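Colleague: Could you walk me through reading a few local features in a model like this one? Let's have it on screen while we talk.

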Amino acid sequence: MSEQETIHVADVSEGIGGDATADPGSPVELPVVDVLTGRSFITGKSGSGKSNTASVVIENLLDNGFPVMIVDTDGEYYGLKEEYEILHAGADEECDIVVSPEHAEKLANLALEQNVPIILDVSGYLEESTANELLLEVVKQLFAKEKRLKKPFLLVVEECHEYIPEGGGMDETGKMLIKVGKRGRKHGLGIVGISQRPADVKKDFITQCDWLCWHRLTWDNDTKVVGRILGSKYASAVEDLGDGEAFLMTDWDESIRRIQFHRKETFDAGATPGLDDFERPELKSVSSDLVGELQSISDEKARRESELADLRQELEKKDQRIRQLERELEEARDLSDMADQFAQALLGKAEAPYRGGDGRSVASAKRREQAGLADYDAAVAATESVPGAENGSGGDRSDSDPEDVAGPSSNDADPPENRGQSNDANPNDADSSDDVNTDSSDDVDPVTRADVAEGALRFDDAVQLGTREAVIEELRARIESLPALSRGMLRHYRREGVSDPVAAHIDAGGDGDTEHAYSRHRPIRKAGLLRHAGRGQYAYAVPDLIREAYADRLEEPAVRETVREVETAFVPPAERSYPPDADPSDVEHAGSSDDETSRSDTAGGDVDLVGTAGDAGHPDTAAATDDTPDTDDTPDTDDDEPLPHTGGLSEVARRIAERGADAADTE
């Protein structure tokens, strides 16, 4: 390309501002290098011919084999394809290829390295942000590649005021275009900005231009711009310019000429539609190889988008599955809570301390019921018309029995030493008797003794036959659900009775760290297998849970047997044969002393049965603890007629059952 090579685009016209040195009709030629590498601004109101001027310059460049890239904001430059093989890239189906920001580098390569002229049609993008991103990436690639190639190349931008506005802020695309205007020339990258409103275009761009074309302008703000740049006489003359006529200002010859641009040779797609039918011309197509290269990028993008869509769909499925599992987990927790509440009700611990209650249990209510039976028994004995000589009911009575005042013979029949011995036998019973109802015998519900005995038998049978297996199974399940180290700590509490979590943790094989000890201790507390004993101490609670499950009405040997059944879940066989607090050296003697221990526990041990509240005044108990021989008032337990079944009954229910049998014999 010669430095003197020019293109003929217009002729000199008559009128104010004309070139005095040239006759009207003289040719106006533009130097190709200055056009390709310079900065230009073409302006004029709509219909004044500014797009025609740009097309004429482009046609002359294409005729000479110089490539350009046109940023088409209105879709009006595709008419160039009538004569030239131009790649039409954009978002419409009418384009040769649909492109996106991913195609930017390939488009720059085609334009600069393969001399492919390109129309970058941004008019079809629904999202303005997508069009701006595409233009930004393409201009970046052109600028970067031209720093290396330094090949003269022209970028034409329609409606440039949308990208480089005067008043508003510029985005990254506008800043990049300003950068090309200021620094592109030294790299060979030229730019032409086209706008119908010069007042709206950033003045930093206009003042950097090498050549400017001013077509007809009529708005006052626009003519003021002409007056500031060209002079006041041109500000008024610009309003009278004809279609295609313009003032041309060039830096290379420092002149201002009034010229008439030629008409474009190709189809004018930007012309105002008329009443005639619109006929689209036959357009030339570009090489399929060029389209194929771009299509491969489109296919790769589509593949990635498809993969992303599949991943999003898979992620949505997993999210739905997670939500479903969370719902199922919540339902399982509800069922677990229901099962836990059922188990607590079964054990008589609906308000147990380890569940946040105040420590009251169902067993407390049952103790009050038993105390009521004891009062009823005393009231009935006091109000009988015949003294209970044959049944011994007027004999032994505890000093705490409020009904003793009704029969003076009762106190006379009971020696003082016997009364003291009865009270000392179980001091807890005296405390219990202080809490019982002290109402007179007139307030006692007038039911027969046979009714009470029958109800007690039915209740005893229900307790013994209905809950033992369930209690054992529930407690075993709680223990087996514990971690191994927690079960070892529970074994420590069984041996020590009362201890603290750190000692239990060390004994079970753990370390002395308080946090570790309490974390292993917490599952045992939640299972209710320990009771807080105060000052950081906890007590082994399995025997108490079994007693409370039976409302303290189970005989102590049976309690111990049930405890042994439960402890098979965590106590080694060698430890089950001796009491928890026994010395390990006594293991070998545990078997021989088991019967004696059972008898001792039953006779005067620490058994805390509610039914024993009335044992101190029962004649059978007094006879068992006194060395004096039985009197005639004592019932003969060796009668041939067997007594009703009383196994497992509380003492009150047992006495009522025995009296019912004696009454039947009397009749």
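Modeller: Asn-115 sits in the loop that links helix 3 (104-113) to strand 7 (118-121); helices (H or I, at least four residues) and strands (E, at least two) are DSSP runs, numbered from the N terminus. This is a predicted model, where local features need pLDDT of at least 70, side-chain atom pairs count only at pLDDT 80 or more, and totals for chains, interfaces and linings use all residues. Residues are numbered from 1 along each chain as its sequence is written, and side-chain values use heavy atoms, leaving out hydrogens and water.

Colleague: What is the phi of Asn-115?

Modeller: In general, most residues other than glycine have a negative phi. Asn-115, though not a glycine, has a positive phi near 55°. Lys-150 also has a positive phi, about 50°, and lies in the loop between helix 4 and strand 8 (153-157).

Colleague: Is Lys-150 buried, partly exposed or exposed?

Modeller: Buried means under 20% relative accessible area, exposed over 50%, and partly exposed in between (1.4 Å probe, protein chains only). Lys-150 is partly exposed because its relative accessible area is 48%; Asn-115, at 40%, is partly exposed too. Glu-128, in helix 4 (residues 128-149), counts as exposed at 60%.

Colleague: And which strands form the open sheet?

Modeller: Two strands pair if DSSP finds at least two bridges between them. Here three strands form an open antiparallel sheet, in the order 13-15-14. Strand 13 (498-499) and strand 14 (530-534) are the edges, each pairing on one side only. Two bridges join strand 13 to strand 15 (residues 537-540), and Ser-499 has Tyr-538 of strand 15 as its bridge partner.
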